[in-house]
Structure formats: C-alpha cells, structure tokens
Amino acid sequence: MTSIRDLLREYQPEGETETADVARVRELAERTPDPYPRSLPLHVTGSALVVHPDSGRVLLRWHQRQQAWLQVGGHGDPGEDDPLSIARREAGEETGLTDLVPWPDPRLRHVVIVSVPAAGADPAHEHADVRFFLATRTPGAIVPEQPGAPLRWLTFPEARELITEANLRETVNRAERLLPDRP
C-alpha cells in the first residue's frame, strides 16, 4: 500500500501542465491528512487505463455526466488511502473484470487535474486524478456496471480518435509506448 504523498514524492511529471498539476496535488496532500473526501473542492481520485496487451487494445467507458469516453476510476471509499487500490477497485466495479493487475508494473503513470461540472446537489469541483495502467487476460469478460455506461475495446488509434480530452489522449499515448513492438 502506497500513500499519495509517497507516490508523488517519487513521480516525475512530463511537461508544464502536468508539472503544475503535480505541484497542486502535492500541496493538497501535504496540507490535509485526508485528500480524498468529495467535500473538498479539489480531491484525489484514482483511475486506470485498462489494456489488453496481447491484442494491443484499450478499454474505454462512456461517462454520462461528462458526455465522453473516458478511462475507468473514481473516488475512494471512506478509509481508502491507496490510489492504486482505489483505481483497481473502481476498474473492477465498472468493467466486471476480476483479473486486473498493474501493467507493466504498479507505478503511477499520469497526474491530471480535471474540472467536473456541477450536477444535482454536487457543486462544480476538481479531481486530482492519479492514473495507472491495468491489464486483463480476459477482455471478453467485460460487463458494464450499468446500462448507461457501455464499454468499448479499441485499438490505440481508435481510442485517440474517440477521446475528446487531450489529457486522456496523453495517457493513452503513454500506455501505447509500453506495448512490445509488433511484427
């Protein structure tokens, strides 16, 4: 189990935007003993890009609130404080996959601050999203969490074409660079 503080201490951001986002998340993690509650205007979430390395495909989920195809993930439950565990739990809940493992290792892969619009009683807020890569050996076992949240396996180029968020395109690019060369 690794805390957000430990993950960020070792993490090297890429580019100006991610460097600024990491600085904000580090400040949040140092300022508050629990940076996960939804009541904070900026709070930590854990997400994952699920890949099937053998086929060179990535899994995306339709998110109704954002009206976009995104990675899986979300909020920690009370008492959870390991971002990778949060990402794995959320990924399993949202995809039905029970064999998800960190890929190719458990390292933090991308840090992004994402604006979330107001909805219902929830005011507009920001997610300090810490992203990992998870792999499955059973891509055909996906089961959407709910009917309004379909899942799609896509090649990396197809995923980039479907994605509307530049930060997620960057996450996809980082995962694709880790795939073994194909003949």
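**Entry 1. Terms.** I count a salt bridge where a side-chain nitrogen of Lys or Arg lies within 4 Å of a carboxyl oxygen of Asp or Glu. The model is predicted. Under this rule I get 19 salt bridges.

**Entry 2. Asp6 and Arg9.** I looked up this pair and found a salt bridge between the two side chains, 2.5 Å from N to O. Both residues sit in helix α1 (residues 4-10), and because they are three residues apart there, about one helical turn separates them. I then checked accessibility. Asp6 is partly exposed at 30% relative accessible area, and Arg9 is exposed at 55%.

**Entry 3. Arg61 and Glu145.** How far apart in the chain are Arg61 and Glu145? I noted their salt bridge, 3.4 Å from N to O. The two residues are 84 residues apart, so this pair links distant parts of the chain. Arg61 belongs to strand β2 (residues 57-63), and Glu145 to the loop between β7 (125-135) and β8 (151-155). Is Arg61 buried or exposed? Arg61 has 7% relative accessibility, so it counts as buried, the cut-off being under 20%. Glu145 is partly exposed at 40%.

**Entry 4. Asp77 and Arg89.** Here the closest N and O atoms of the salt bridge are 3.6 Å apart. Asp77 lies in the loop between β4 (72-75) and α3 (83-95), while Arg89 lies in helix α3, twelve residues away. Asp77 is partly exposed, with 37% relative accessible area.

**Entry 5. A network.** I also found salt bridges joined in a network, which links Glu14, Glu18, Glu170, Arg174 and Arg177.

**Entry 6. Largest pocket.** I turned to open space next. The largest pocket holds about 810 Å³. It is lined by 36 residues, and those closest to its centre are His63, Gln66, His75, Val116 and His127. Among the elements that each supply at least two lining residues are β1 (42-52), β6 (110-116) and α5 (166-176). I sorted the lining by class: nine nonpolar, 16 polar and eleven charged residues.

**Entry 7. Second largest pocket.** How much space lies in the second largest pocket? I noted about 310 Å³. Its lining includes Leu7, Tyr11, Phe133 and Leu178.

How values were computed
Residues are numbered from 1 along each chain as its sequence is written. This is a predicted model: local features need pLDDT of at least 70, side-chain atom pairs count only at pLDDT 80 or more; totals for chains, interfaces and linings use all residues. Side-chain values use heavy atoms; hydrogens and water are left out. Helices (H or I, at least four residues) and strands (E, at least two) are DSSP runs, numbered from the N terminus. Buried means under 20% relative accessible area, exposed over 50%, partly exposed in between (1.4 Å probe, protein chains only). On a 1 Å grid over the protein atoms alone, a cavity is a set of points where a 1.4 Å probe fits but cannot get out, and a pocket is an open set with protein on both sides within 12 Å along at least five of seven lines; lining residues have an atom within 4 Å of a point. Grid points are joined across faces, edges and corners, and a volume is the space filled by probe spheres set on the points. Ala, Val, Leu, Ile, Met, Phe, Trp, Tyr, Cys and Pro count as nonpolar, Asp, Glu, Lys and Arg as charged, and the others, Gly among them, as polar.
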